[in-house]
Structures are given as structure tokens and as C-alpha cells.
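Me: Got a two-chain model here that I'd like to talk through. Can you put it up and start with the terms for the strands?

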Amino acid sequence: MSNSEPTGSATERSTAMRNTSEIVKASVKKRYARETRFRLFGLIAILASLSFLAMLIITISIKGYPAFTQTFMQLEVILDADTLGLDENPDVSQLLKANYSGAIKKSLLQTFPDVKKRKDKKALYKLISKGGQYDLQKKVIAAPELIGQTMTVWLPVGDDVNSYMKGIVDVNLPEKKRRFKDNQIGWIESLKSDNRISQRFNRTFFERGDSREPEMAGIKGALFGTMLTLVVTLVLSFPIAVAAAVYLEEFAPRNRWTDLIEVNINNLAAVPSIVFGLLGLAVFINFFHLPRSAPLVGGLVLSLMTLPTIIISSRAALKSVPPSIRDAALGLGASKLQVVIHHVLPLAMPGILTGTIIGMAQALGETAPLLMIGMVAFIVDVPTAVTDPATVLPVQIFQWADLPEKGFVEKTSAAIMVLLAFLILMNAVAVYLRRKFERKW
Amino acid sequence: MTISLLLLLIFILTATGYVIGRARVAKMRNQVDRSERPHSLPRYYGYMVAIYTALPALVVIILWIFFESTVLTGLVSKQLPADTQALPQGQLNLILNDIKNIAVGNMSQSTADPVRTAAADHFSRLLDNSQWARNILAILVALLGMFFGYRSIHKDQRARVFVERAIMIFLIACSSLAILTTVGIVFSVLFESLRFFDKVPFSEFAFGLHWSPQTAIRTDQVGSSGSFGAVPIFAGTLLISAIAMLVAVPFGLMSAIYLAEYASPTARAWIKPLLEILAGIPTVVYGFFAALTMAPLMRNVGEAIGLTVASESALAAGLVMGIMIIPFVSSLSDDVITAVPQAMRDGSLGLGATKSETIKNVVIPAALPGIVGGVLLAVSRAIGETMIVVMAAGLAANLTINPLEAVTTVTVQIVTLLTGDQAFDSPKTLAAFALGLLLFITTLILNIIALRTVRKYREQYE
């Protein structure tokens, strides 16, 4: 209350103050409403993101879980040598080439003797998967003395029957609009009432490589490819990243060169992954002539990509080791390198490992750079060496997602579930390591 | 003898070197006279001999592998008949490829003509000789190195210093790999891009409005000769990125504000990792989701309100990409918001502002540079994102800003141009590298600006 303002008496001033407080009081409600609204927006943003996460996982699980079961059909297969095209005493090479699909077709016709028309026969044959003959082949080779007898086998059914049994086929559609026809439904229902249809765990999915037939396609090839690629990535990126982090954190003098390295590492961490793919294509494949589609090249590209991630987290781990440890070791006469190798590195190791696992998880989910180096080819065989043509799980998902057959939708989703399971596992290990070995200095 | 066997042998020699080097010094350690004792611990002498053994041998092997194929190819092509040698380079390369395939057994001999079979025999003989020469040379060098290292052991020799210097060189080399990678990226895209701009003028690429990279295989074929106007691609990339940012920025920022200012510590401890799961999901999964769930959903919703939505609409791809980027924006913003000093909040609250007013008028303006930096990083991510757009966006380059239509992006074009078999020096494949160069430069500039801003902001409050 200064006296320098002679205008306005005490009463005037008090009305002005009352006005201000009235204004404030009047606006308080509005302001609180705004406050609540603002807070609500924040909550909505979080809930929306989380509900999206839930939606993603739920839709994929719903689509994917049917792929883990496969329908089997019981058949009485007559293994007579004529149908199979075998001699009296067949050797293994003959057994490999025998006509198993003919035997299966014959026994299907015997089960449904009233099927006569060519078109109907074709529909009937489709009930059994094309892979059924390989299963039969395996069984016959294991027990060749069965030739000439009747064998009761469970064989995998075709893609359409599979979808029908899982309830994916909409039976209410007019017959012309669906691939699975009424007569096929009739056959399956009659088999079902005889207890000759059963649903089992789909082992094929984990035991076979890629295939053009959805019910025969598996992820074993992709899993092995992923494993080989990740091994190459880990072997290359872990030692290099740790060495780089140790140098930059413990030894590097502050000069232009180290500044340049730091800027480079930070930038590389944000370079789009597809650019690394272009690098791999131009340098490793076109310049060094390394084999295309090989886990070796994939691992090289991915390790260049994950290096910045591992370096950055390793540096953070090294930084968190208190200087007193270094001082104590130096005081006892250790050389600088001995200090780092004997004391600092072991203490920083849990943090470094956590960063490495996170980098590996990132590499596990990466697709784009691998498309560039040709890991997108259709490969049936399971790779056994780092120079074999291979594909990896995310690329397999990408390939299956493009295919029109309905059966591949569930295979794709199931492969995604496997991929996510691995990612969750790796992250869980990282979190566990961090919790278990985290030290407060 | 295969390369892995050779490496195993070198490894055994190295281990032997370590053992004998160490053993030689171990005896000297028991001297009574201190001045007669060796300078370093015995194991350092062991390491020293091991380094002398392994390093030169490995250098020999690497150099051999590097030059082997060039030298052998040269030798074989000299042996070919004169008329074959006179063929143009491309055909000659094909023949040489055949020869190599026959020699390695990838191709059956019966289908090949006698010239190739003979050359293949020659090649496989040469390959055999070369491998023997390599193995013998490598082992010889290793033994020589071991001998030299062993002989050089002396009590005054500073083995530890030697070993530590070698390790230091290794450390420096590893950290310089980052620079090498950047240089590699720049060169690999730059050279191919320059070759592309030889064939297609830069002005057409940068300002042309028509993109159809399909070139006819034979010159007499009917069909487009390929046009490389990249404007529709840039427009498509910007459109999809803009949609993504429209989703990611508000949601990410509001989540960050709520987490940093309102949420209880327990809620924060649960929600933050959950949000980060979104960032950890592979992009191919998002792509699958966008193509299979989001795009049909958009189309159905569009039909319901009377709009035609393309099945590969920019909206679906952008939306899903935005959701993917939410955790990116939110965790970066969260960092900068929590870095704003508490005193600034207290001042504002003490003057009677509500919490939201404090956030809007004090915290956000103070954190703005950091937030902008984070958003720029997110933009660079959106531009470079590949799998979502490859799976959910279109291939045809439409010049439009209607988010309901299909557009294509830089990354989609790179993938489609480079997957599949084609001649490597056609303008079509080279165009992919030109697009890659552009992508790299754009994201590099965005990253540098963003990282600078964030860094400056941090320094301001630390």
C-alpha cells in the first residue's frame, strides 16, 4: 500500500480488490474444470495407446492360435505293391520314389465308394494334404514289411478342411462363393461321426521349412536362419561394441577425432535401417562378392546396425562405475588397462549385457535391411551354415503376409506370436539381469 | 584343408606361443637379484608371443582371401580360347560364373560344353593349389612369428607395454568403425547415385511429376521407357509421415505430461514399460496389422459414411505408423519434462496457478527445445520406416494429398526396386540408390539438428 498513488481512496481500493478476488473466485470453477479436462486428456492418451497394444496382441492371438492345431484324418491305406509301383523286394531308393499319393487316393475312394464323377473325385482328393504322402512315405520306410497289408494311419488334412474344422469357413455363404463345397462338408461330417477326425498339436509348424501349401509350411527354416544370423551378429557386435565403449569412455582424449566418433555413433543410431541394407548390398554383396541370402551377410549388416545401440548402453554402464574403484586400483600400482580389464569391466558387465540383449532383440525384429541383401527368397531347406541361403523369422512373416491362401493368415499370426514370445523372453532376461545385478554405489 | 581347420591350427599355434613364451620367463622370475628379474609378469610375455604368432598369419589369410578370386579369375580367363576371350565383358563374366559353378559342383558337368568343363578343371586345380599355398604360407608365417617373438624375449623387454599398446590399437580401431560405417554408407549410395544421374538428369529426378521405373527389357518391346520423376514419392512420404506425426505428437506428448506430472510413482512404474512394449514390437508386425486389420477397418468405416477409401490408403499406414512412434515421442518428452527444474514449477504454483496452467505456461515452454528435438527425431524415424509402408501403402506413385487414396513412399520404392532379380546397373536398380542417398541425407540433417537441440537443452539445465 504505497502512498505514491494519491488517486483513489481506501474504499475504492478495497472495491478493486474485491473485484479481483471476485473475478478469481468466479473463474476458479472454470480453471478447475480445465485442470480436470487436461488431466483427462493425458489419461485418455495413455489409455488409447495401451488399448491399441491390447488390440494388436489380441487380434494376432485370435488369428494365430488356430495354427497351433492341425486336423488329422484316419485312413485305411492299402499298401499293395501295384499301386505303389514297387517290385518284390524294394530297396530304399525305390521306396522313396513310390507312388504314395496314389495309394492315398485309392483308399479315399474306398472310403467313399459312391464318388464316381471326375470333378467329385478331385474334390475328394483335396481332403488330404499334399504333405500326407510324405508322412506315409516315412512310415513305410520305417516298416517296409507292411507292404501288401492294410495300414491305419492318421494323415494331415488339406488347407480347406483345416479351416472348416476350425470354424473359419462361413458355411452360410452360398456354395459358389466358398472354396469348401457342400459335398466335401458331407464327407467330413460323416468321417467325424465315425470318430475318424481329430485335432492335434501342429508339430509340422515347428518341424518343417517353408512351403507353398499352408498346412505344410513351418518355421523351422526361419528359426534356424534367425539363430545363425543372430549368432553372427552377436559374435561381431559384442566385442567390437565393448572395445569401442571402453576406449571412448576410459581412454579417449577429448579431441576432434573422438568428437567425430561420438557424433557418428549418435547419428548411426538414428539412420533408417533400410540404409544399412543398401550398404550391405553395395559393399558385402557387390564389392566383396559374399553369397546372397546368407546369414553371414545378414549378421554383418545387423551388427553394423546394432553397434551404436550396444556402444551407447555400454558407455552408460561404464560411466556408472564410481571413480573410487579406478583410483583404488591405480593406487595399488595397476596399469590403466589393468584397471579397466580387471575392475571396471566386470563391474559394468551386467549393464553391458543388458544393452547387448536389447540390441539383439532389435536385430531379431529387423526386416528391411535383410530384404535388401536377398534374404527374401523362397527357401525350403533348413540352413546349417552361415553361408547357406536362409531366411529369418520377420522376413518369413513378411513373405507369408503377402500370400493369398487363407491358411497363411493364421500361419503368419502364429509366426508373429513365436517372434513376440522370443522378444518378450529376451527383454525379460534383460530386466532380470538389471534387477539382479544393479548396484547402488 | 578348409579355412576353419586352418584357423583352428593357427589358434593352436597361438596357444602354444603363449605357453612357451610364458614358460621361458617363469624361470627367470626366481632370480634372487631383483635387477635380474623380468620387467613384466610372465603372462604378458606369453601374450606377446601369441600376438606375434597370430597377427601376421591372420593378415596373410585375409589378404589371400581378398585377392584370390581376382587373381584366379584372371588366370582362368587367360586360358580360355581366343574367341571366347574376345566376347564383351558381360558375357565373359557369365561364362566365368558358369566355370566357377561347375568347379565347385553347383552345376552338373554333363550339361556344360567342353570348353567350360576344361576351364572348370583348370579352375579347380588352381583353386586347390591356391588353397595349399595359402595354408602353407599362413602356417609358415605363424611359426616364424612365434620363433621371432620367442627369441626376442629378454629380461628388460617391456612385454606389458607391448601388449597394452596392441590392445589400445584394437580399441581405437573398433571405435573408429563407426566412422568407417558412415563413410561406407555414403560411398555405397553416392557412387551408384552418380551412375544413376549419368543416365537420368538430376532435374528430372528432383522435379519430375511422373514416376514409373519399369523399363522394358528389350529395346523393341512396347512399354514405358521408364520415367524417374520423384516428386510423387516425396509427396507420398511426407503425407504418410504427416499423418503419423498427427497421431504420435498429441498422444505421445500428453502421455508424457501425464506420466511426468500427474501419475503416481507406482502407476509410472507400470505404465512406462507397457508403453515401451509398443516401441519393441517389430515393424513387420505393425505392417501385418495395418494391412490386415486397419486397412479393411478404414474401408468399412469409409463406406459407412459414404467415402471411398483405397484398400492401401495412406491413412491406414500413417495411423499405424503414428501408433508405433507414440512411445518414441513420449519417452523423449518425458526425459526433457522431468529435467525442467522443480523451482520453476514451485514458482508458478506459488503464484496460484493450477497444475495444468503451470504445465502449459511454464513447463512446456521451458522444455520446448527438447520436445522439438524429440519430435524431429520421430519425424526422421517416420520417413525412414519401411515395413509398415511396404505392407500397407501402395506401389503406384500418385501425386495427391488425399489421405484416403493410395500413395507410395521412398522406402517402398527402394524395396520394390531392389528385391527380385535384375541387372545391377539398370537405371531401375540405380534409382533405388539415388532414393537411398536422399533418404540418408534427409534423416542425417534431421538427426543432427535434433541431437544438437536436445544436447543444448540438456546443458542449459544441468
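Reply: Two strands pair if DSSP finds at least two bridges between them; helices (H or I, at least four residues) and strands (E, at least two) are DSSP runs, numbered from the N terminus. This is a predicted model, where local features need pLDDT of at least 70 and side-chain atom pairs count only at pLDDT 80 or more, while totals for chains, interfaces and linings use all residues. Residues are numbered from 1 along each chain as its sequence is written, with chains lettered from A and ligands numbered from 1 in the order in which they are written.

Me: OK, how many bridges join β1 of chain A to β2(A)?

Reply: Seven, with β1 (residues 69-78) running antiparallel to β2(A). Gln74(A) sits opposite Trp154(A) of β2(A).

Me: And what's the strand order in that sheet?

Reply: β2-β1-β3 in chain A, an open, antiparallel sheet of three strands. β2 (150-156) and β3 (197-201) of chain A are the edges, each pairing on one side only. On average, neighbouring strands are turned by 35 degrees against each other, direction ignored.

Me: Which helix lies across β1 and β2 of chain A?

Reply: α6 (residues 132-142) of chain A, at about 140 degrees to β2(A). Axes there are lines fitted to C-alpha atoms, for helices over the stretch in contact, and angles run from 0 to 180 degrees between N-to-C directions.

Me: Switching topic: how many residues does each chain put into the contact between A and B?

Reply: Chain B gives 66 residues and chain A gives 64, where contact means C-beta atoms, placed from the backbone, within 7 Å. On the chain B side, helix α6 (residues 159-199) of chain B gives the most, with 19 residues.

Me: What about the domains of chain A?

Reply: Domain 1 is 10-65, domain 2 is 69-208 and domain 3 is 220-437; such bounds come from an automatic or database domain assignment. The C-alpha centres of domains 2 and 3 of chain A are 45 Å apart. Their contact takes eight residues from domain 2 of chain A and five residues from domain 3 of chain A.

Me: And chain B, where are its domains?

Reply: Domain 1 of chain B covers 3-157 and domain 2 of chain B covers 227-461. Between their C-alpha centres there are 49 Å.

Me: Last one: what does Val320(B) touch?

Reply: Leaving out residues up to four places away in sequence, Val320(B) touches Tyr286(B), Phe289(B), Ala290(B), Met294(B), Ile388(B) and Ala392(B).

Technical notes. Two residues are in contact if their C-beta atoms, placed from the backbone, lie within 7 Å.
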